[in-house]
Amino acid sequence: MKVYQTNEIKNIALIGSAGSGKTTLAESMLFEAGIIKRRGSVEQKNTVSDYFPVEQEYGYSVFPTVFHVEWNNKKLNIIDCPGSDDFVGGAITALNVTDQALILVNGQYGPEVGTQNAFRNAEKLQKPVIFLINQLDKDSCDFDMVLNNMREIYGQKCVPVQYPIATGPDFNSLIDVLVMKKYSWKPEGGAPIIEDIPADQMDKATELHNALIEAAAENDEGLMEKFFAEEALTEDEMREGIRKGLITRSIFPVFCVCAGKDMGVRRLMEFLGNVVPFVEEMPKVKNAGGAEIAPDANGPESLYFFKTGMEPHIGEVSYFKVMSGCVKPGDDLTNADRGSKERMGQIYACAGANRISVDELRAGDIGCTVKLKDVKTGNTLNGKDCDYTFDFIKYPNSKYSRAIKANSESDTEKMMAALMKMRQEDPTWVIEQSKELKQTIVHGQGEFHLRTLKWRMENNEKIQVTYEEPKIPYRETITKAARADYRHKKQSGGAGQFGEVHLIVEPYTEGMPDPTVYKFGGQEFKMNIKSKEEVDLEWGGKLVFLNSVVGGAIDTRFMPAILKGVMERMEQGPLTGSYARDVRVVVYDGKMHPVDSNELSFMLAARNAFSLAFKEAGPKILEPIYDLEVLVPADYMGDVMSDLQGRRAIIMGMDSEAGYQKLSAKIPLKELASYSISLSSLTGGRASFNTKFASYELVPNDIQQTLIKEHEAELAEED
């Protein structure tokens, strides 16, 4: 395989809704380029993409598949991405390391929620977009309606380059208004028959041709002047205008393909090879320090590892993009993130599960290698005198969580190792060992996402696991001031234990003044603050600890022990055992014994005094509240709103976005536990949502009483 220069390389992400035909299109592209001799199919489980057992089991893409084709002396690196929103991490990874988004649209359904999500991700990263309308051979396909829907959503930037003469089972021809020719195919697809446009199609073709000329001319002043003067452009001038329009995202060309019959694919690849921008024409990537890094083959050697695959009999396959310089087998590099040294073994051009050995990969190219010692997803390897690191890939927040445990306790360690290994393959699987909840929590993008993890754990790793609903990280706080004292006294021969602590607790708010006097039961307690300690709690909120002891009633050396006793109860709140927060504690009196007082005595006295006071201070339970955004078709708006109201959600606003309705709400985390399943069921999978932690708020009183009773029952069981 020849060594491709930076100005001969194009990197493309193939994205779109689940079921739009991306894997089938990838097969046709590989077949047309001669990389494979026979097209596989998803049904026969023999495609270049979707080669992992879990993908073949479910018939869905789970991981992004990297492959390349050589076309007209250019190298097209293509990443076929999963369409399901549960596996959005693959699409986000691909869009970050490529320069062009090919968005496949299902011709039967038009733009779906998956199409919307794909476009939104491309828009966020300012990637050029080409739309491909697929499945033109289906009965329910209506090209004109799909195109109109796309224009309603994405605007007049959607400009057809092709249109089918007819759709349905007899589809076999289309008009290309860029070259002004008719393309038709025999039943087996492949090489097209190219003819002049029939007379009955000429008016429509001319109208669309002129619209394409105008859209292309808008992106170049010289072309615009020529267009006004002559009302025409040459094919090469149109290609140049479209290429510039792609870079600035001012045009979204629309192509037609029937991937299952290999019709229109060769023409698409010609366009990709001739018109799509090269790596060096796109905006430069910034490193972690904010400096722009040019894809310069003569620059310092730097590789960014964006994906790790775990393959049987091989182990880790590490996929990288050459950010700068060029890489060869045997190069000695330094891991900028981990400090370790690595020697590159053989390097490969990617073709799904197959790999083609190459002698060199230059800046902008994508490849893979195996058997690296200490390289993880997201790491950067640099050559001598280079210190680049990259952290430009940002993944969405998790939407679905489950507690996971091995059915056999002896498998727990193996399970944790497998989870960490899987996270290398998909960084949107987030693993949390919660000390607070005493659970291992797996966070993901949806129920199917986590079901896939469980399938792999049980079928690939041979570890049987169980999912449970995670506990909720409640918080406890107080709503008024209260006073308590406690004497700890223990005598058992010899030195005993003695410590007495008098304290006041009250709610803490940022910036409140130090207290001077309290009143309880008609009695005044004057405060003389000697010291103040503010503790920023790792679980959120604050504990403010004031020493107001006068007359030496408690020696200052016992104050740290008293604070420790208070902190112990803050870590295990009196109501439900949850963390407590936003409390001010004032120790104002107590007693010591010259022999029996020690740190343990005062720690125990403080812990019990705090617990007594807390329970008298109007204690309340707080629950985590999340901001929720739901993107839903208008037809389902009523059902989705009713469901949210049943989940104690507060609707904050409604808006329309790209043909969908966007609902904003605040919702308790407890009510989000199974939301992804319910939303999918309510809308037939046509809605999507995202969440973000907002705040802690008081739970309703009836729920608080239920939680307290449940905690008391748990404690009784432990006893």
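The model is predicted, so local features need pLDDT of at least 70 and side-chain atom pairs count only at pLDDT 80 or more, while totals for chains, interfaces and linings use all residues. Residues are numbered from 1 along each chain as its sequence is written, and side-chain values use heavy atoms, leaving out hydrogens and water.

Let's begin with the overall picture. The C-alpha atoms of the protein chain fill a box of roughly 105 × 60 × 55 Å along the principal axes. Within the chain are 16 helices and 40 strands (DSSP runs of H or I with at least four residues, and of E with at least two, numbered from the N terminus). Of its 719 residues, 56% are buried, meaning under 20% relative accessible area with a 1.4 Å probe, protein chains only. Among contacts (heavy atoms within 4.5 Å) with a separation of 6 or more, 71% join residues 24 or more positions apart.

Now zoom in on helix α12 (residues 559–571) and helix α13 (residues 599–615), which pack at about 45 degrees with axes 7 Å apart. Axes here are lines fitted to C-alpha atoms over the stretch in contact, and angles run from 0 to 180 degrees between N-to-C directions. The two helices are therefore oblique to each other, the class left over once angles under 35 degrees (roughly parallel), over 145 (roughly antiparallel) and 65 to 115 (roughly perpendicular) are set aside. On the α12 side, the contact includes Ile-562, Val-566 and Met-570, and on the α13 side Phe-602, Ala-606 and Phe-610 are among the residues involved.

How values were computed: Buried < 20%, exposed > 50% of the residue type's maximum accessible area, 1.4 Å probe, protein only.
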